[in-house]
Amino acid sequence: MNERILELEHELQRNKSAFQDFAYAVSHDLQAPLRHIMGYSQDLLSVLDDNLSKRAHEDLVSLQKSTLLMQQMLESLLEYSRIETRGKPFTTVSCNDVLKVVLENYSKEIKEKSATISSDSLPEINGDPTQIYQLFKQLIGNALKFNSDAAPEILITVTQEKKLSLFRIQDNGIGIDPRHLDRIFVIFQRLGIKPHVEGLGSGLALCKRIVERHQGQIWCESTLGEGSAFLLRIPLR
């Protein structure tokens with residue numbers, strides 16, 4: 001039995017390494033031709049703009065926008081593939097300090113939207129400080145972004161479960177159709193929610209990878225039109 005478990009662990013590690021190599025190759029090696037496309041299309045616009053028809057000009061601009069979108073998606077894929085390989089060693093992380101920095105960075109958005117953000121005193125956990133910051137920044141950023149006309153209200157609570165901390169980030173936003181809850185953590189899934197809002201749909205996928213690297217779990221509870229709650233179960237320090 002122990003040999004079988006060891007064999008499965010080795011196979012899992014090989015699969016993870018193969019995925020990381022594949023994602024890096026796709027993300028890194030495809031950047032060069034995209035840069036060429038962007039450069040050549042810009043040259044055509046600069047040199048031939050006065051001689052281009054309206055349709056040709058619009059097509060070149062559309063080509064540039066599509067190329068830029070592809071570059072951004074590849075950069076997101078590269079970041080996604082590096083969660084483990086480029087992660088920093090674990091250390092003691094004060095979630096209170098992380099939250100303070102996140103709120104400072106969102107101070108402009110909080111003021112513009114008259115948002116209210118309340119939080120329990122948060123614990124220290126064992127983790128990668130940069131990735132824990134990314135995790136809180138993404139979840140709070142989403143709560144500020146995907147809201148109705150009402151001022152955003154975000155409540156962060158935490159309860160202890162033996163050696164685990166259960167974080168709950170609750171908002172009063174537009175909510176998510178329960179049919180989509182199993183897809184929101186899939187990379188590049190936007191699900192048609194507020195299509196005018198900028199974003200690639202990679203943020204929650206990154207959150208899931210970060211939480212999994214920290215031996216935790218993440219899931220969402222939501223009702224369409226009534227807000228969402230993201231729950232994180234992460235080991236304590």
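Phe185 counts as buried because its relative accessibility is 11%, under the 20% cut-off. The model in which this value was computed is a predicted one. Phe230 also counts as buried, since its relative accessibility is 7%.

In one of them, the rings of Phe136 and Phe167 have centres 5.8 Å apart and planes at 90°, so the pair is edge-to-face. The class follows because planes over 60 degrees apart count as edge-to-face. Phe136 belongs to helix α6 and Phe167 to strand β5 (residues 164-171), so the pair ties together parts that are 31 residues apart in sequence. Phe136 and Phe167 are both buried.

The rings of Phe185 and Phe230 also form a pair: their centres lie 6.3 Å apart and their planes stand at 90°, so this pair is edge-to-face too. Phe185 sits in the loop between β5 and α7, while Phe230 is in strand β7 (residues 228-235), so the pair ties together parts that are 45 residues apart in sequence.

Helix α6, which holds Phe136, also packs with a helix. Two packed helices are described by the angle between their axes and the distance between the axes. For α6 (residues 129-145) and α7, the axes come within 9 Å and cross at roughly 145°. The crossing of α6 and α7 is left-handed. On the α6 side, the residues in contact are Gln131, Gln134, Leu135, Gln138, Leu139 and Asn142. On the α7 side they are Gly203, Leu204, Cys207, Ile210, Val211 and Arg213. Sorted by class, this contact of α6 with α7 has 6 nonpolar, 5 polar and 1 charged residues.

Helix α7 (residues 203-213) packs with helix α3 (residues 54-81) as well, at an angle of about 10° and with the axes 10 Å apart. That angle makes α3 roughly parallel to α7, because angles under 35 degrees count as roughly parallel. From α3, the contact is made by Glu79, Tyr80 and Ser81. From α7, Ala205, Leu206 and Arg209 take part. By class, the contact of α3 with α7 has 3 nonpolar, 1 polar and 2 charged residues.

Technical notes. Residues numbered from 1 in each chain as written. Predicted model: local features only at pLDDT ≥ 70, side-chain atom pairs only at ≥ 80, totals over all residues. Heavy atoms only, no water. Axes fitted to C-alpha atoms, helices over the stretch in contact; angles between N-to-C directions. Helix = DSSP H or I, 4+ residues; strand = E, 2+ residues; numbered from the N terminus. Parallel < 35°, antiparallel > 145°, perpendicular 65-115°, else oblique. Contact = heavy atoms within 4.5 Å. Nonpolar A, V, L, I, M, F, W, Y, C, P; charged D, E, K, R; others polar. Left-handed = near helix turned anticlockwise from the far one by under 90°. Phe/Tyr/Trp six-rings, centres within 6.5 Å; stacked < 30°, edge-to-face > 60°. Buried < 20%, exposed > 50% of the residue type's maximum accessible area, 1.4 Å probe, protein only.
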